[in-house]
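Trainee: Could you walk me through this one? I'd like to go piece by piece.

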Amino acid sequence: MNPIADKEILFKERQRFTQWWIWLILLGINGLFLFGVFKQVAGGEQFGDKPMSNTGLLILTAISILITILIANFHLDTIISREGIYVRFFPFHLRFKRIIWDAINKSFVRQYRPIGEFGGWGLRYGLSGSGKAYNVSGNKGLQLEFRDNKKLLIGTQKPDELTKVLKAINQLKQ
């Protein structure tokens, strides 16, 4: 269900984890487990010097594949309307979180250091007062500073378009 189906959407973005190295690691792990299943379960030869049981190997292979499918389905959705910002980092947020403009003191697009400020990408909590971050890649994001002094950074791959929308609705607050 779309939480703002009856409202005008001014900006919409869906981001996924697209870093090649994440997929290389996941495919490598899955490939190793599948090779082990093929060799040990299907071929009858032990896989490794201290092989696990066939059941254990099948369970670990299934878990590895399920984790890969889960990560493939992670996505960050950002929607902006005149009423506010709607954000969802699936599967951590099953529903959109609504942030009304009146709750925000500052809202602007900025460049940030994902590792230095938040320890990487994902659903993150900053170490030195930088607040929370929802990000999947890159180093640009919508910085929100709330009236209660909390901070939230929402990553974006469309910084120019997002800045234009904030200006158009008079919500670019620095």
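Trainee: How many residues of β8 are buried?

Mentor: Quick ground rules: this is a predicted model, where local features need pLDDT of at least 70, side-chain atom pairs count only at pLDDT 80 or more, and totals for chains, interfaces and linings use all residues. Residues are numbered from 1 along each chain as its sequence is written, and side-chain values use heavy atoms, leaving out hydrogens and water. Buried here means under 20% relative accessible area, exposed over 50%, and partly exposed in between, with a 1.4 Å probe and protein chains only. By that rule β8 is mostly covered, and its buried residues number six of seven.

Trainee: What is the strand order in the open sheet of five strands?

Mentor: Strands (E, at least two residues) and helices (H or I, at least four) are DSSP runs, numbered from the N terminus. Two strands pair if DSSP finds at least two bridges between them. The pairing in this sheet is mixed, and the order is β5-β8-β9-β7-β6.

Trainee: Which are the edge strands?

Mentor: Look for strands that pair on one side only. Those are β5 (104-111) and β6 (122-125).

Trainee: By what angle are neighbouring strands of this sheet turned against each other on average?

Mentor: Axes are lines fitted to C-alpha atoms, for helices over the stretch in contact, and angles run from 0 to 180 degrees between N-to-C directions. For this average, direction is ignored. The value is 15°.

Trainee: How many bridges join β5 to β8?

Mentor: The two run antiparallel, and one place to check is Ser107, whose bridge partner in β8 is Leu144. The count for β5 and β8 is seven bridges.

Trainee: And over how many bridges do β8 and β9 pair?

Mentor: Gly141 has Gly155 in β9 as its bridge partner. The sense is antiparallel, and the number is five.

Trainee: Which residue stands opposite Gly122 in β7?

Mentor: β6 and β7 (residues 132-135) pair in the antiparallel sense over four bridges. Opposite Gly122 you'll find Asn135.

Trainee: At what angle to β5 does helix α4 run?

Mentor: Helix α4 covers residues 159-168 and lies across β5 and β8 (140-146). Its angle to β5 is about 155°.

Trainee: Which residue takes a positive phi in the hairpin of β8 and β9?

Mentor: Most residues other than glycine have a negative phi, and most peptide bonds are trans. This hairpin has four residues between its strands, and the phi in question is near 70°. The residue is exposed, with a relative accessible area of 68%, and its name is Asn149.

Trainee: Where is Asn170 found?

Mentor: Asn170 has a positive phi of about 55° although it is not a glycine. At 65% relative accessibility, Asn170 counts as exposed. Its place is the segment after α4.

Trainee: Which peptide bond is cis, with omega near 15°?

Mentor: Go to the loop between β3 (84-90) and β4 (97-100), where Pro91 sits. The cis bond runs from Phe90 to Pro91.

Trainee: How many aromatic pairs does a search of the whole structure find?

Mentor: Rings of Phe, Tyr and Trp (its six-membered ring) pair if their centres lie within 6.5 Å; planes under 30 degrees apart count as stacked, over 60 as edge-to-face and the rest as tilted. Phe35 is in helix α1 (residues 20-42), while Phe47 is in the loop between α1 and α2 (54-73), twelve residues apart. The total for the structure is seven.

Trainee: Phe89 and Phe92 form an edge-to-face pair; why does it count as that?

Mentor: Their ring centres are 5.6 Å apart, so check the planes next, which stand at 85°. Phe89 is buried at 0% relative accessibility, whereas Phe92 is partly exposed at 46%. The pair is edge-to-face because of that angle between the planes, 85°.

Trainee: What is the radius of gyration of the chain?

Mentor: It is taken over C-alpha atoms, and the globule rule is 2.2 Å times the number of residues to the power 0.38. A compact globule of 174 residues would come out near 16 Å. The C-alpha atoms fill a box of roughly 70 × 40 × 25 Å along the principal axes. The chain's own value is 21 Å.

Conventions
Contact means heavy atoms within 4.5 Å.
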